[in-house]
Amino acid sequence: MRRDFLVGQIPLITLIVLGVVIAVLTPRFLSPLNLSNVLVQAAVITVIAMGMTFVIIGGGFDLSVGSVVALSGCVCAMVMMEAGIAAGVAAGVAVGALVGLANGLIVTVLKVNPFITTLGTMVLVRGVVFLLTGSQQVPIDQSLPQPFIDFGIERLLGIHYLVWVPVALLFALSWVLARTPYGRSVYATGGNREAAYFSGIRVDRVVASTYVWCGALAGVAGVMLASRLQSGQPTAGEFYELTAIAAVVLGGAALHGGEGKLYKSVIGVFIMVILGNGLNLLNVDSYWQRVAIGAVIILAAAADRLRARRG
Amino acid sequence: MPTPVLAAEDLSKRFIAIKALDHVSFELAAGEVHALVGENGAGKSTLIKVFGGIHRPDSGRVLVDGAPVELHSPADAYAKGIAVIGQELRVVPALSVAENVMLGHLPTRPLVPGLAATACLRLDRARMRAAAAAALGRLNLAFDLDQRVDQLTFAERQSVAIARALSRNARVLVLDEPTAALEEREVQSLFAVIEALKAAGVAILYVSHRLDEIVAIADRCTVMRDGRVVADLARGAFSAAELARHMTGRDVAEERAGAAAAPGEVLLEAALGGDVRLHAREVVGLAGLLGSGTTELLRRLFGAAGGARLQMRGRALVTRHPADSIAAGIGMVPNERILGLVLDQTVRDNVVLPNLARFGAWWRMDDAAATRVVRELLEALDVRPPDPSAVVRRLSGGNQQKVILAKWLAARIDVLLMDEPTQGIDVAAKAQIHRLMREFAGRGGAVLFASSELDEIVGQSDGVLAMRRQAISARMARGAGLTEQAVRDAITYQR
């Protein structure tokens with residue numbers, strides 16, 4: 001029991017050790033400016049990683065979220081210039097949910113492997129973004145409405161609004177996963193699809209719904225990023241899918257499904273963001289940073305396999 | 001007495017809190033069929049795994065031909081002539097029979113005549129086929145050597161695996177539950193193969209839950225309980241009842257369904273390959289050989305294999321998905337435990353799964369109520385430990401099967417469909433499951449259970465439906481000529 005508990009806390013211990021090591025190596029890490037940077041950077045990825053956690057618990061996988069971030073940011077900005085802030089935000093989130101629904105239907109109805117499905121939509125959606133925007137930022141020579149821009153800059157209780165979004169989502173979505181019958185059915189479907197089916201769970205709907213969550217949350221992240229960048233950027237969100245997947249795995253979710261917790265994925269996000277931030281502060285060459293982050297992803301996956309074997 | 005081929009001396013093995021083997025000594029002689037029986041968790045699997053090189057004992061020795069050996073890996077065991085044939089057969093589906101028999105020591109010849117370098121060898125097909133035919137011939141088996149193994153039945157693949165062990169000069173063959181997936185006819189062919197192995201001087205360690213088989217084939221029988229050897233009996237000194245008594249440490253009165261209570265109103269009616277009609281307070285056995293359609297019939301009734309039209313309490317409905325049947329009051333225990341349980345979740349989560357709507361509202365589960373109900377069920381079903389937060393994977397097979405039953409007892413269902421509900425579990429758990437089936441019927445429910453064991457069908461049923469070639473071939477009622485022979489005649493193909 002104690003041993004299981006300790007194994008479950010490995011991500012948190014890793015995060016604390018990483019934080020302490022970086023703080024010792026470079027005092028600038030703990031400066032208020034840097035810490036608030038880390039929080040804002042983590043905010044966008046956290047929202048994506050939470051959606052990814054739904055999909056991965058359900059036994060799936062989603063590579064399309066980075067492209068969805070760009071799509072939703074651009075659609076949000078376009079609609080906002082025509083129809084106002086509320087319509088823009090709603091459109092950004094809705095377009096993300098729509099891509100998620102498409103992913104979910106392809107995976108459950110056409111039975112295409114999730115990796116291939118979302119690899120396809122990742123490339124396809126990115127193409128659509130460039131077609132839609134003419135590969136220009138949105139809007140080109142105007143600016144987005146001021147309140148939307150303020151949302152990306154201003155703070156509440158000393159903390160950026162952008163950070164409060166994932167905080168609120170974390171509480172709400174953790175409830176959904178842990179306390180509702182729907183949440184139970186997501187874990188059961190990911191844990192053993194056949195057994196869930198024989199227990200009367202409509203597994204195809206459950207799986208499809210996880211992709212809708214993931215797409216919608218990537219849409220939210222896209223809107224947040226547009227607010228921060230004060231525009232919709234067609235190139236935004238590249239490699240976000242990999243960071244998010246790595247964060248979920250670092251947080252201890254099993255890639256074969258049925259396991260995982262949102263708050264642990266958030267810990268995983270902070271490991272990724274603080275690692276990147278620390279390497280930046282230490283002036284590590286950006287190519288070496290990629291090598292380090294790639295190695296961390298492989299280590300996390302290897303740890304997942306080791307746990308599965310011991311299981 | 002000659003030196004035993006394989007022996008264990010004072011073996012002990014402990015897993016964290018459990019003493020899996022407690023000073024076990026054991027001897028296996030050449031040309032002998034030595035059965036090993038015991039309830040789930042008695043230590044049989046651990047002992048086999050020590051012989052197979054998978055587990056290392058904490059203390060004690062393994063001897064081959066009287067000389068102590070250290071078995072560090074399955075390859076070590078194989079090299080000493082010990083081959084374990086488990087329920088998962090190590091055959092390569094895409095290769096031919098001959099290739100599978102000879103796998104691991106395929107005969108080769110030089111690529112170019114005269115050139116003897118090891119890197120320039122090619123497969124010697126002629127010798128491979130000859131050697132494979134010889135190994136199969138010693139077992140009196142005649143297979144098409146070029147047939148791909150994925151086209152064979154399970155029983156045939158099992159024979160290929162045995163032939164491979166023989167071709168590598170295995171002198172000890174460990175058969176772990178070899179008949180679990182076999183039809184009765186195939187069991188007889190397996191016994192013929194075993195006789196041939198005996199004649200060839202191979203020692204056979206035969207592990208099975210089916211005590212009647214052991215009485216039929218074993219020369220000697222070792223009974224294990226709680227990690228210890230509690231009896232070592234020679235042929236003639238054991239009967240199925242005697243073995244069951246040693247296994248459980250008490251007399252298991254093989255409970256039989258009494259005189260059929262008057263059946264109640266019709267609960268379920270369907271026309272699937274013949275009329276199916278289940279009454280309240282009735283246990284109906286579904287007899288049929290593997291492939292006769294019993295599994296398909298149960299799954300269609302449950303909505304897990306295409307839609308089925310049926311009537312529940314006179315109300316017509318179509319079941320397209322298990323959710324439809326569950327809502328109508330039908331539950332199902334599938335033929336494999338992996339289809340019934342999310343192994344890495346807790347007992348409570350598993351029991352709650354088909355009853356999500358019952359415990360709480362859509363936005364909030366009532367975990368306290370679920371825990372209370374599940375604990376009561378576990379105690380009623382004698383699941384050990386009766387702990388709702390135990391992870392299902394850690395339970396024994398019999399306890400896992402009871403958890404699957406608990407899923408449906410927690411639900412408000414009237415009809416329970418069960419596919420091979422006692423397959424691979426020990427006699428005590430089996431008797432408990434039989435009792436639970438009757439209790440469920442006694443409370444006004446109906447049970448339809450499929451089994452390949454005829455004594456179970458005849459012993460537990462108020463009525464029997466026999467299936468042959470995807471259709472119901474006969475209907476029998478208790479007291480009206482319901483015998484094993486009558487059921488056997490109804491399910492086997494007429495020549």
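Q: How many residues of chain B are in contact with chain A?
A: On the chain B side it's 31 residues, and they're in contact with 22 residues of chain A. Contact here means heavy atoms within 4.5 Å. Keep in mind this is a predicted model: local features need pLDDT of at least 70, side-chain atom pairs count only at pLDDT 80 or more, and totals for chains, interfaces and linings use all residues. Residues are numbered from 1 along each chain as its sequence is written, chains are lettered from A in the order in which they are written, and side-chain values use heavy atoms, with hydrogens and water left out.

Q: How many salt bridges are there between chain B and chain A?
A: Three, where a salt bridge is a side-chain nitrogen of Lys or Arg within 4 Å of a carboxyl oxygen of Asp or Glu. A:Arg184 and B:Asp349 meet in a salt bridge, 2.7 Å from N to O.

Q: Which element gives the most to the side of chain B that touches chain A?
A: That's H10(B), with four residues. Helices are DSSP runs of H or I, at least four residues, numbered from the N terminus.

Q: New topic: what volume does the second largest pocket have?
A: About 790 Å³, taken as the space filled by probe spheres set on the grid points, joined across faces, edges and corners. A pocket is an open set of points on a 1 Å grid where a 1.4 Å probe fits, with protein on both sides within 12 Å along at least five of seven lines.

Definitions and conventions. Helix = DSSP H or I, 4+ residues; strand = E, 2+ residues; numbered from the N terminus. 1 Å grid on protein atoms, 1.4 Å probe; cavity = no way out; pocket = protein on both sides within 12 Å on 5 of 7 lines; lining within 4 Å.
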